Amino acid sequence: MASLWCKKSPDCSNYVDSKSGPGTDPLVLRLDSFSLTNFEVSNSSFSAEWEAKLTFGNQNGGLTVTLNPFESYVYYKEREALSCASVDAMLHVPPRKQKTLQMKFDPTSCRGEQPYVEDRVMKELSEDRKSGHLSFSLKMRIDASYSMRELLGMGTQVTLNPNCSGLKVQFEGAKGEGKINGGRKCTIPLPK
């Protein structure tokens with residue numbers, strides 16, 4: 001049914017049909033800032049507070065993108081989850097608009113259920129911290145929908161897996177504080 005509407009709409013060049021989802025992804029993600037405070041690590045304990053400012057942009061002129069509530073994780077070396085933050089509200093990104101949100105990763109996020117950090121990971125973090133920087137990534141799994149005004153609420157449901165990788169956080173002195181400078185474009189693989 002959606003493909004019939006597309007033939008009549010000039011704004012749906014990026015929309016295929018209700019089963020295959022968008023032909024090209026209208027959504028882009030930029031990590032505007034990423035920082036951490038109270039970073040403390042030893043061979044047997046780990047604590048940190050993270051903040052990320054993200055901007056979701058809708059490049060399409062006809063689709064509205066709706067992001068359902070989701071969780072985001074900070075990873076060390078792309079494979080070890082360190083912290084979780086949750087977005088509890090739906091986020092609607094109208095055509096050719098953007099929405100910015102601030103996420104705080106701390107022990108109370110994600111209903112207080114933070115990832116377990118193994119002793120070997122704490123040891124690696126402690127050793128790597130001595131160099132003055134650490135590399136992290138930010139990963140999400142978001143259930144979303146793409147819809148057109150003409151479809152009267154009908155749309156395509158997709159699962160998106162945004163990834164902001166290669167986040168090299170530079171520490172400022174021995175205070176346990178660090179940040180990345182400048183924004184980063186993150187990837188959002190096309191849904192299958």
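The following exercises, each with a worked solution, concern a predicted model.

**Exercise 1. Pairing of strand 3**

Determine which strands pair with strand 3, and in what sense.

*Solution.* 
Step 1. Begin with strand 4 (residues 46-58), which runs antiparallel to strand 3 (residues 27-41) and is joined to it by twelve bridges. A hairpin of four residues connects strand 3 to strand 4.
Step 2. Turn to strand 14 (residues 184-186), which pairs with strand 3 over three bridges in the antiparallel sense.

**Exercise 2. Bridge partners**

Which residues are the bridge partners of valine 41, leucine 31 and leucine 36?

*Solution.* 
Step 1. In strand 4, valine 41 has phenylalanine 46 as its bridge partner.
Step 2. For leucine 31, the partner in strand 14 is arginine 184.
Step 3. For leucine 36, the partner in strand 13 is glycine 178.

**Exercise 3. The largest nonpolar core**

How many residues does the largest nonpolar core have, and which have the most contacts inside it?

*Solution.* 
Step 1. The core has 47 residues. Strand 10 (residues 133-148) contributes the most to this core, namely eight residues.
Step 2. The residues with the most contacts inside the core are Leu31, Phe34, Phe56, Phe136 and Leu138.
Step 3. Take phenylalanine 136 as an example. Leaving aside residues up to four places away in sequence, phenylalanine 136 touches, among others, Phe34, Trp50, Val74, Leu82, Leu125 and Val169.
Step 4. As a general background, nonpolar side chains in soluble globular proteins tend to be buried together.

Conventions: Residues numbered from 1 in each chain as written. Predicted model: local features only at pLDDT ≥ 70, side-chain atom pairs only at ≥ 80, totals over all residues. Heavy atoms only, no water. Core = buried A, V, L, I, M, F, W, Y, C linked by side-chain atoms within 4.5 Å. Buried < 20%, exposed > 50% of the residue type's maximum accessible area, 1.4 Å probe, protein only. Helix = DSSP H or I, 4+ residues; strand = E, 2+ residues; numbered from the N terminus. Contact = heavy atoms within 4.5 Å. Pairing = 2+ DSSP bridges.
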